[in-house]
Amino acid sequence: MENETEPEPEPGAESQSDEQPDSTVTRDEPPDETPPLPPIAVAARDAVKEYGEGSTAVRAVDGINLEIPQGHFIAIMGPSGSGKSTLLHCLAGLDDLTAGQSFIGDIEVSALGERERTRLRRDKVGFIFQSFNLVPTLTAMENITLPTDLAKKEADRQWVKYLIDTVALNDRLGHMPSELSGGQQQRVAAARALASRPEIVFADEPTGNLDSRRGSELLQFLRAAVDNFGQTIVMVTHDPIAASYADAVVFLADGRVVEELIAPDVQMILDTIKNLEP
Ligand SMILES: Nc1ncnc2c1ncn2[C@@H]1O[C@H](COP(=O)(O)OP(=O)(O)OP(=O)(O)O)[C@@H](O)[C@H]1O
Ligand SMILES: [Mg+2]
């Protein structure tokens, strides 16, 4: 990854790379001996999301409690259908909970109406969708600057250039999504999610369509955003290597948190997945 154009970290955005992750994401009260946690960026309390009604109802999220401190990188893993995307959508305010609460900072997202949720997302959230969700009639560059354009914010040009260099999209900026490969679309989606410098980035399988080189570049980039800029990231992934970039991994099964790893390495993640298999 080229770092030549990397902007200086902002004042106050200290590197956290040497720090040990200090939280167990799903624990409500830290024990006395741990240092105080940074403020909570994202939280869920007894969160439930049901689709459908009556005998056909599906509890995609079934009573989840989470607290993710600012400046942390959290991975969410679990089998297909375990509720990962649903949880991410509810945390990001893209969908509403059936019961319980979700928070972004001290704002209770689950108590907001549709219009307020839209505003909150625009101001504070970047989302990399499992299915990219690029606007087909806009070029790659227009897609990347769309969130800042919608928020009527002045794009930070140096930052956007850094993002584009990092995801190696310079020669594709004028292309429409239909003219891009899946991996290229995924990289546009990643740059778009970070372009407005959101407080929180949610990423649903951001490396799912990337080859291993591009995948590890994107993961290093997400890791650097956490370490250098205090970015908070919540990433869903099936890939133990991708999850090993995170400070902690939360494992879901049937809409519930079933395990959690702090400072995970690939082997720990593989062992946990194996132990959780029915
Ligand atoms: N709009 C919907 N209507 C009804 N059921 C849904 C809807 N969206 C998701 N579900 C169901 O909720 C459960 C959780 O789905 P979700 O997409 O959150 O899983 P996931 O863990 O992200 O899976 P994957 O790894 O395959 O992406 C599944 O049983 C799914 O069929
Ligand atoms: Mg999913």
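Predicted model: local features only at pLDDT ≥ 70, side-chain atom pairs only at ≥ 80, totals over all residues.

Q: What is the order of the strands in the open sheet of four strands, and which strands stand at its edges?
A: The four strands pair in the antiparallel sense, in the order 2-1-4-5. Each edge strand has a single partner strand, so one side of each is left without a neighbour in the sheet. The strands at the edges are strand 2 and strand 5 (107–108).

Q: Which residue of strand 2 is the bridge partner of Val-48?
A: Strand 1, residues 40–51, pairs with strand 2 in the antiparallel sense over nine bridges. Within strand 2, the bridge partner of Val-48 is Asp-62.

Q: What is the order of the strands in the open sheet of six strands, and what is the average twist from one strand to the next?
A: The pairing in this sheet is mixed, and the order of its strands is 6-7-8-3-9-10. At its edges are strand 6 and strand 10 (256–262), each of which pairs on one side only. From one strand to the next, the twist averages 15°.

Q: Helix 1 packs on this sheet; what angle does its direction make with that of strand 8?
A: Helix 1 touches strand 3 (73–77), strand 7, strand 8 (232–236) and strand 9 (248–253). The direction of helix 1 makes with that of strand 8 an angle of about 150°.

Q: Are the residues on the two faces of strand 6 buried or exposed?
A: Strand 6 runs over residues 125–128, with Val-125 and Phe-127 on one side and Gly-126 and Ile-128 on the other. Both faces of strand 6 are covered, and these four residues are all buried.

Q: Which residues of strand 7 stand opposite Gly-126 and Phe-127?
A: Strand 6 and strand 7 (residues 200–204) pair in the parallel sense over four bridges. Phe-127 has Phe-202 as its bridge partner in strand 7, while Gly-126 stands opposite Val-201.

Q: Does Met-268 count as buried, partly exposed or exposed?
A: Met-268 is found in helix 8, residues 266–276, and its C-alpha lies 9.1 Å from that of Pro-240, which is 28 residues away in sequence. A residue is buried if 20 or more other C-beta atoms lie within 10 Å of its own, and exposed if 12 or fewer do. Because Met-268 has 16 C-beta neighbours inside 10 Å, it counts as partly exposed.

Q: Where does the pLDDT fall below 50, and what is the mean pLDDT of the protein chain?
A: Over residues 1–6 the pLDDT stays under 50, and the model has nine contacts beyond four places in sequence for them. The pLDDT is also below 50 over residues 8–22, a stretch with 21 contacts beyond near neighbours in sequence. In the protein chain, 88% of the residues reach 70 or more, and the mean pLDDT is 88.

Notes: Residues numbered from 1 in each chain as written. Chains lettered and ligands numbered in written order. Pairing = 2+ DSSP bridges. pLDDT = per-residue confidence, 0-100. Contact = placed C-beta atoms within 7 Å. Axes fitted to C-alpha atoms, helices over the stretch in contact; angles between N-to-C directions.
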